[in-house]
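Reader: I'd like a close look at one part of this model, the spot around the ligand. Please take your time with it, then tell me about the other spaces in the structure.

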Amino acid sequence: MKLVTLERVYKQFPVKRSFLGKVLERISALSDVSLSVGKGETVGVIGESGCGKSTLGKIILDIEKPDRGRVLYKGKEISELKGKEYKDYRMNVQAVFQNPQSSLNPRWQVWKLVTEGISINFRYSKAELKEKAEELLRVVGLPPSFSEKYPHQLSGGQKQRVAVARAIALKPELIVADEPTSALDVSVQAQIVNLMVELQEELGISYLFISHSLPVVESISDRVVVMYRGFIVEEGTSREVFSETAHPYTELLISSTPLSGRKVSRFPYLGEGHAVFSRCPFYPRCTRRVPECRSYGMQVLRLSETHKVRCINPIPSGQR
Ligand code: ADP
Ligand code: MG
């Protein structure tokens with residue numbers, strides 16, 4: 001069974017209000033987003049800043065509620081989970097965020113940070129919690145002595161290890177990792193990614209892994225979703241998305257990555273007015289656009305059992 005499933009989820013945010021607070025303008029952070037994460041699976045999420053990646057993560061974590069659509073945990077809608085079932089969901093779906101600085105309370109020692117979830121859900125003495133903290137620190141590659149430290153005494157990479165220890169403390173099934181390495185030095189980024197991969201092998205955790213780093217997403221993901229302006233425009237196995245790229249936006253994203261070896265020049269910005277609902281949001285930037293993209297551009301084509309693309313004129317397989 002799938003751990004988490006999104007069915008046609010929409011989420012808008014008000015971006016402009018009148019003097020009296022009436023919403024004048026909204027932005028669609030998520031539009032028609034369907035997605036699932038299975039047990040032990042890593043689903044990578046890529047797309048430029050503002051495309052809705054964090055909103056997707058927050059919906060899965062129940063930090064934001066969808067305007068439309070359904071969010072299921074093990075087949076049940078999370079808005080309808082009560083008591084023990086909701087608690088079970090909250091324990092099993094954890095998060096690691098980009099900035100450990102803001103996600104770790106600066107006044108708490110590491111042992112308390114790491115065992116917060118445990119102490120909320122179970123009864124343990126302080127000595128027992130400290131013991132558990134030391135064990136968790138060992139798992140994330142930090143010495144036991146770190147349990148007495150405060151966040152400001154740690155480097156960025158060490159803080160993120162503490163954030164990971166906190167996330168795994170309740171043995172979750174799924175971790176939503178929202179750009180977990182973006183705030184770190186390049187040299188430390190790989191260590192954190194490796195740690196997360198090791199933990200997955202040991203503990204069978206699933207990841208929704210949101211990242212700017214395409215090479216990282218390509219290497220660690222079983223499946224990848226590509227987002228553009230709130231829509232999932234391409235979805236497939238890591239190989240399908242990166243080596244059999246079908247959506248012109250995915251191609252643009254990959255070719256914009258330094259060292260990708262792909263040409264950028266094929267995709268100039270063409271300019272165009274406002275987006276119309278059924279028209280593809282990528283239309284203004286797309287060189288593969290055809291007149292039909294204006295009216296049918298949002299249709300989803302299925303290229304294989306696992307490969308889907310929201311484009312009516314995808315890149316043909318020979319040219320990818
Ligand atoms: P990403 O993580 O891909 O950069 P986000 O999910 O953070 O994108 O944001 C998607 C869009 O929704 C952006 O235009 C952003 O400005 C907007 N947005 C996100 N959260 C809020 C909020 N709480 N209020 C208003 N707008 C928001
Ligand atoms: Mg974000």
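Author: Arg8 lies in strand E1; strands here are DSSP runs of E with at least two residues, helices are runs of H or I with at least four, and both are numbered from the N terminus. Before going on: this is a predicted model, where local features need pLDDT of at least 70 and side-chain atom pairs count only at pLDDT 80 or more, while totals for chains, interfaces and linings use all residues. Residues are numbered from 1 along each chain as its sequence is written, chains are lettered from A and ligands numbered from 1 in the order in which they are written, and side-chain values use heavy atoms, with hydrogens and water left out.

Back to Arg8: its phi is positive, about 45 degrees, although it is not a glycine. Most residues other than glycine have a negative phi. Lys74, also not a glycine, has a positive phi of about 50 degrees. Lys74 sits in the loop between strand E4 (68-73) and strand E5 (76-77).

Now the ligand. The shell around ligand 1 is made of Phe13, Pro14, Ile27, Ala29, Glu48, Ser49, Gly50, Cys51, Gly52, Lys53, Ser54 and Thr55, where a residue counts if one of its heavy atoms lies within 4 Å. By class, that shell has five nonpolar, five polar and two charged residues (nonpolar: Ala, Val, Leu, Ile, Met, Phe, Trp, Tyr, Cys and Pro; charged: Asp, Glu, Lys and Arg; polar: the others, Gly among them).

For polar contacts (pairs of N or O atoms within 3.5 Å), go along the chain. A backbone N or O atom of Cys51 is 3.2 Å from an oxygen atom of ligand 1. With Gly52, a polar backbone atom lies 3.1 Å from an oxygen atom of ligand 1. Thr55 uses its side chain instead, with an N or O atom 2.6 Å from an oxygen atom of ligand 1. On its own, ligand 1 has 560 Å² of accessible area, and the protein covers 66% of that (Shrake-Rupley, 1.4 Å probe). Strand E1 (4-17), strand E2 (23-37) and helix H1 (53-60) each give two or more residues to this shell, and the largest share, three residues, comes from H1.

Following H1 comes Asp62, with a positive phi near 65 degrees.

As for other spaces, the largest pocket has a volume of about 600 Å³ and 22 lining residues, with Arg90, Val93, Gln94, Ala95 and Arg166 nearest its centre. A whole-structure search finds one cavity of 30 Å³ or more, and the largest cavity holds about 80 Å³ of space. On a 1 Å grid over the protein atoms alone, a cavity is a set of points where a 1.4 Å probe fits but cannot get out, a pocket is an open set with protein on both sides within 12 Å along at least five of seven lines, and lining residues have an atom within 4 Å of a point. Points join across faces, edges and corners, and a volume is the space filled by probe spheres set on them.

Terms used:
A polar contact is a pair of N or O atoms within 3.5 Å; within protein, one must be able to donate a hydrogen and the other to accept it, and residues adjacent in sequence count only if both atoms are side-chain atoms.
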